[in-house]
Structures are given as C-alpha cells and as structure tokens.
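Please look over the sequence and the structure shown here before reading on.

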Amino acid sequence: MSDTAPLHPEPLHGGAAGLAARLAILGALLFLGVAGGLQLVRDDLAWQQATLSQYLRGPYGLLLRTMYCLLAVAIVALAMGLYVQLAPRARSAAPVLLLCTGALALTGVAIGDSWLPQVAPDFHLMFHHVCAITAFLCVVSGMVVQAWRFRLDAAWRRHFPLAATWSAACFALLWVHALWPPAGRGWVQKLLIALIVAAMLLAGTWLHQAARRADGGAGR
C-alpha cells in the first residue's frame with residue numbers, strides 16, 4: 001500500500017455540485033433576461049436614471065420580485081456548490097456566510113417591497129436601504145473572498161486571475177457608486193448588478209465543468 005497522497009485530489013461531490021451549478025446558471029440567466037427586458041417595456045421609467053429597485057413596483061413588479069428571490073436561491077446554491085467542489089484546503093465558511101447573508105438580504109428587498117410601501121412607508125425606506133446595502137456588500141465581499149480561495153485548489157487555480165480581477169472590479173465599482181455623486185445614477189447600479197450576475201454565470205459554468213470532471217473520475 002502506498003502512503004503517497006494524490007497531487008490533485010478531486011472532491012467526490014459531482015452530483016450535488018452539478019445541481020448547484022445548474023441552479024446558479026438558470027437563476028442568473030432568468031434574472032438577466034427579465035431585468036434586461038424590463039428596461040425596454042417600462043417606458044414609465046428612464047433607464048439611465050432609475051435604479052433597478054424602482055422596477056420592483058408598478059407594471060411587472062411581481063415578476064421582478066420573483067426573480068430577485070430566484071437569484072437569491074441561485075446565490076446560495078452557487079456558494080454551497082463551490083464549497084463542496086473545492087479541495088478541502090481551499091474551502092472556507094467565510095464566502096458561504098457572506099454570500100448567503102447577501103442572498104437573504106436580497107430576498108428582504110423583494111419581499112419588503114411587495115407590501116411595506118403601503119403598510120409602513122417610513123419603515124419601508126429604512127428596511128429597503130439596509131437590505132440593499134447588506135446585499136451588495138455581502139455578495140461582493142463574498143465574491144472577493146471566494147476568488148482568493150481558488151488559488152488554494154490546483155484544479156481551480158487557473159480561474160483565480162480572472163475571478164480575482166472581476167470581483168475586485170465589482171468591489172471598486174460598488175464604492176464608486178456609493179461615494180462618488182456623479183456615479184450615483186441608475187445605469188451605474190445596473191452595470192454593477194449585471195457584472196455581479198455575470199460573474200455568477202461564469203462561476204456556475206466553471207462549477208458545472210468541474211462537477212462533470214468529478215463525475216467522470218468517479219465513474220472510472
């Protein structure tokens with residue numbers, strides 16, 4: 001019996017990771033499709049000025065709120081899928097907790113905007129603001145931390161440069177949008193959201209490919 005450990009151990013979680021990847025990809029695609037389509041059909045809002053949250057109320061508001069909740073499920077699925085697929089030394093609870101907290105806050109935005117504006121308008125403004133800030137900060141921070149963990153897995157290390165650059169750009173754009181008044185317009189926020197969801201789509205694709213390799217390795 002050899003005591004030599006394999007150089008690139010493959011986690012045997014292809015099935016769970018594959019399902020998580022498909023959920024993440026589907027959620028990201030549906031969200032991008034609906035959010036993008038609403039920019040065309042909501043002629044009551046100026047897309048350059050209106051933030052995406054303004055589309056949560058009015059025509060098709062229920063559809064977008066549903067997509068927010070679906071995106072939250074996709075974020076949780078992606079976080080858990082990456083956790084089980086990465087090599088043990090690359091795993092960390094930090095990105096999972098950050099991403100899941102951000103997903104919960106995103107759900108809070110959607111659910112709160114469904115009934116709070118009529119019932120408690122003043123509380124709604126505070127609740128929406130807190131949930132939106134929490135969602136952005138936690139999800140983008142989770143992206144940065146998760147990208148940093150990729151370098152500790154031999155199979156994922158090749159994705160580290162792009163993942164780190166992309167997540168850092170999202171982090172920088174978040175603070176530019178928050179702190180620089182000329183960048184406080186709706187199109188900048190939508191660009192940030194699009195970059196975040198596109199990063200989810202990319203990570204979901206990587207996860208799907210890794211899960212297929214794991215399934216192939218387990219079947220040999």
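This is a predicted model: local features need pLDDT of at least 70, side-chain atom pairs count only at pLDDT 80 or more; totals for chains, interfaces and linings use all residues.

## Helices and the model

Helices are DSSP runs of H or I that span at least four residues, and they are numbered from the N terminus. Under that naming, tryptophan 166 has its place in helix α5.

## Salt bridges

How many salt bridges does the structure hold? There are two of them. In one, arginine 57 and aspartate 113 bring their side chains together, with a distance of 2.5 Å from N to O. Arginine 57 sits in the loop between α1 (14-41) and α2 (61-85), whereas aspartate 113 belongs to helix α3 (residues 93-119), so this pair ties together parts that are 56 residues apart in sequence. The two partners can also be described by their accessibility: arginine 57 is partly exposed at 32% relative accessibility, while aspartate 113 is buried, its relative accessible area being 2%.

The other salt bridge joins aspartate 44 to arginine 42, and here the closest N and O atoms are 2.8 Å apart. Aspartate 44 is partly exposed, with 48% relative accessibility, whereas arginine 42 is buried, with a value of 4%. Since buried means under 20% relative accessible area, arginine 42 falls in that class because its value is 4%.

## The largest pocket

Rolling a probe the size of a water molecule over the atoms shows where empty space is left. The largest pocket holds about 650 Å³ of space, and 29 residues line it, with Ala132, Ile133, Phe136, Gln189 and Ile193 lying nearest its centre.

Several helices take part in the lining of this pocket: α2, α3, α4, α5 and α6 (186-219) each supply at least two residues. The largest share comes from α4, which gives eight residues. Sorted by class, the lining of the largest pocket consists of 18 nonpolar, nine polar and two charged residues.

## Enclosed cavities

A search of the whole structure also finds three cavities of 30 Å³ or more. The largest cavity has a volume of about 250 Å³, and of the 21 residues that line this cavity, Leu78, Met143, Ala199, Met200 and Ala203 are the closest to its centre.

Which helices each supply at least two residues of the lining of the largest cavity? They are α2, α4, α5 and α6. By class, the lining of the largest cavity has 18 nonpolar and three polar residues, and no charged residues.

## A nonpolar patch on the surface

On the surface, Ile133, Leu137, Val144, Phe171, Trp175 and Leu179 form a nonpolar patch, and together these residues have about 510 Å² of accessible area. Two helices, α4 (121-150) and α5 (160-179), each contribute at least two residues to the patch. Ile133, a member of this patch, is also one of the residues nearest the centre of the largest pocket.

Phenylalanine 171, another member of the patch, lies in helix α5. Is phenylalanine 171 buried or exposed, or something in between? Phenylalanine 171 is partly exposed, with a relative accessible area of 32%.

## Single residues and their distances

Tryptophan 166 in helix α5 is partly exposed at 25% relative accessibility. Tryptophan 166 and alanine 199 are 33 residues apart in sequence, and their C-alpha atoms are 7.4 Å apart in space. Alanine 199 is also among the residues closest to the centre of the largest cavity. In helix α1, leucine 30 is partly exposed as well, with 36% relative accessibility. Leucine 30 and leucine 70 are 40 residues apart in sequence and 8.6 Å apart in space, from C-alpha to C-alpha.

Two residues in loops complete the account. Tyrosine 60, in the loop between α1 and α2, has a phi near 65 degrees, which is a positive value in a residue other than glycine, and tyrosine 60 is partly exposed at 48% relative accessibility. Arginine 89, in the loop between α2 and α3, is exposed, with a relative accessible area of 57%. Arginine 89 and leucine 202 are 113 residues apart in sequence, and the distance between them in space is 23 Å, C-alpha to C-alpha.

Notes. Residues are numbered from 1 along each chain as its sequence is written. Side-chain values use heavy atoms; hydrogens and water are left out. Patches are made of residues with over 30% relative accessible area and no salt bridge: like charges are joined within 9 Å, nonpolar side chains (Val, Leu, Ile, Met, Phe, Trp, Tyr) within 5 Å. Accessible areas come from the Shrake-Rupley method with a 1.4 Å probe; for residues, only the protein chains shown count as cover. A salt bridge is a side-chain nitrogen of Lys or Arg within 4 Å of a carboxyl oxygen of Asp or Glu. Buried means under 20% relative accessible area, exposed over 50%, partly exposed in between (1.4 Å probe, protein chains only). On a 1 Å grid over the protein atoms alone, a cavity is a set of points where a 1.4 Å probe fits but cannot get out, and a pocket is an open set with protein on both sides within 12 Å along at least five of seven lines; lining residues have an atom within 4 Å of a point. Grid points are joined across faces, edges and corners, and a volume is the space filled by probe spheres set on the points. Ala, Val, Leu, Ile, Met, Phe, Trp, Tyr, Cys and Pro count as nonpolar, Asp, Glu, Lys and Arg as charged, and the others, Gly among them, as polar.
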